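Keep the viewer open as you read.

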Amino acid sequence: SVLSNPRRARRTRGSSFPDLRSRPRRLDASGPDSDIVLSTRVRLARNLQGYAFGPRSRVNDRRAVLRRVTRTAARVDLLAEANVHPLADLDPGTRRILLERRLISQDLLGERSETGPQRAAAVVLSTREPVSVMVNEEDHLRLQVLVSGLALEAAWSLVDRLDEDLGQELPYAYDHELGFLTSCPTNVGTGLRASVLIHLPGLVLTKEIGRVLRGLSQVGLTFRGLYGEGSEVVGNFFQVSNQTTLGKTEEDLVDHLDRMVRQVIEYERRERRVLLRDAYQVTEDKIWRAYGLLRYARSISFEEMMNLLSGVRLGAALKLLPGLRVYSLNKIMIFAQSAHLEEAAGRKLPPGECDVHRATYVRRILATEGVVIPDKEPPQSGSDAVPDP
């Protein structure tokens, strides 16, 4: 039921959840460099004074924090039209959809626990802004903004505004020497974690990816898989983020990540040009094989789909697959995940049947794209060209 107090954010109960079938805004490919960077996320970790946090938090503490956040949200402009969703009130399928859309974490979902989400775990979702707040995850609050393309400065500006507004209403746990206090020591200081989800097939195919990733680690950055910490890299999609939060300002951290990611983007574009110059026919063959499998497969796992989608996405960016939109490929990444397929089917799907539904969905999306096979001859690559097999 919706709380009747108009000064409170709406709190939902039961399995209902708004806009499950709507497209996530960050996937509309409207942001800068969206052919390479899928999305940007900036997150802030915050705790409230007077309540235990982290492993020492008690149920009463978590419940009190959730009550305060629910009362406060409606007084904050960016959350004025938000809904508060306690995870215990959502069915398991809806929770998985939130995870697949990267709106909640595995920790908030309770995937590492046999009992599921902790009591009073919740997520606050705005209906009009790309902002959300995880409540009672590792810390009391995880404020986050998720936008399309490479837009670190814009994402930081928005989450900073949300942080300032919430900080006017809620007493943050703060130390004048250390900064914001967090459950994990690596987040102490600014509590900021900025990341970009970036597609790097050129660097992988030319075997330059190892050198680039080692370079990132040397300048204080790290990389993870599609779902963040603990997840594997699939489909040449890397989540690059800052490692440290102490001793630097938020602006410095965001600027540093932005400069490094722009270098990686330039390296990726350079290696894509190398592929077209030195291995055109091999690259074209890989791309069209990937497209053919996705276009006509009758059963496909998520991992295989992501690996093939990487080739197709590269083909779209290099204009080797005419008429294929990046947005459609982004949409496949989200809606071909297991929980989304089950939502569309209206029932739980066994793994084998889920693979069949995934292949059907991918075929349907690609059938609407109007890809035309080019009749032109491939460009001559010079003496280093890869010959026909």
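Which residue lies over the face of Tyr172? That's Arg46, placed at 5.7 Å from the ring centre. To say that a charge sits over a ring, NZ of Lys or CZ of Arg has to be within 6 Å of the ring centre and within 35 degrees of the ring normal. There's another case to look up: the charged end of Arg211 sits over the ring of Tyr267, 6.0 Å from its centre.

Before going on, a word about what you're looking at: this is a predicted model, where local features need pLDDT of at least 70 and side-chain atom pairs count only at pLDDT 80 or more, while totals for chains, interfaces and linings use all residues. Residues are numbered from 1 along each chain as its sequence is written, and side-chain values use heavy atoms, with hydrogens and water left out.

Back to Tyr172, which forms one aromatic cluster with Tyr174 and Phe180. A pair of aromatic rings is described by the distance of the centres and the angle of the planes. Here, rings of Phe, Tyr and Trp (its six-membered ring) pair if their centres lie within 6.5 Å; planes under 30 degrees apart count as stacked, over 60 as edge-to-face and the rest as tilted. Searching the whole structure that way turns up four aromatic pairs. One of them joins Tyr174 and Phe180, edge-to-face, with 4.9 Å centre to centre and 70° between the planes. Tyr174 is partly exposed at 42% relative accessibility, whereas Phe180 is buried at 14%. (Buried means under 20% relative accessible area, exposed over 50%, and partly exposed in between, using a 1.4 Å probe and protein chains only.)

Another edge-to-face pair is Trp288 with Tyr291: 5.7 Å centre to centre, 80° between the planes. These two sit in helix H8 (residues 280-296), three residues apart, or about one turn of the helix. Both Trp288 and Tyr291 are buried. As for the labels, helices (H or I, at least four residues) and strands (E, at least two) are DSSP runs, numbered from the N terminus.

Now for a couple of loops. Between strand S1 (10-11) and strand S2 (37-46) you'll find Asp33. Asp33 isn't a glycine, yet its phi is positive, about 55°. Its relative accessible area is 25%, so Asp33 is partly exposed.

Lys319 also has a positive phi without being a glycine, near 65°. Look for Lys319 in the loop between helix H9 (302-317) and helix H10 (326-335). With 67% relative accessibility, Lys319 counts as exposed.
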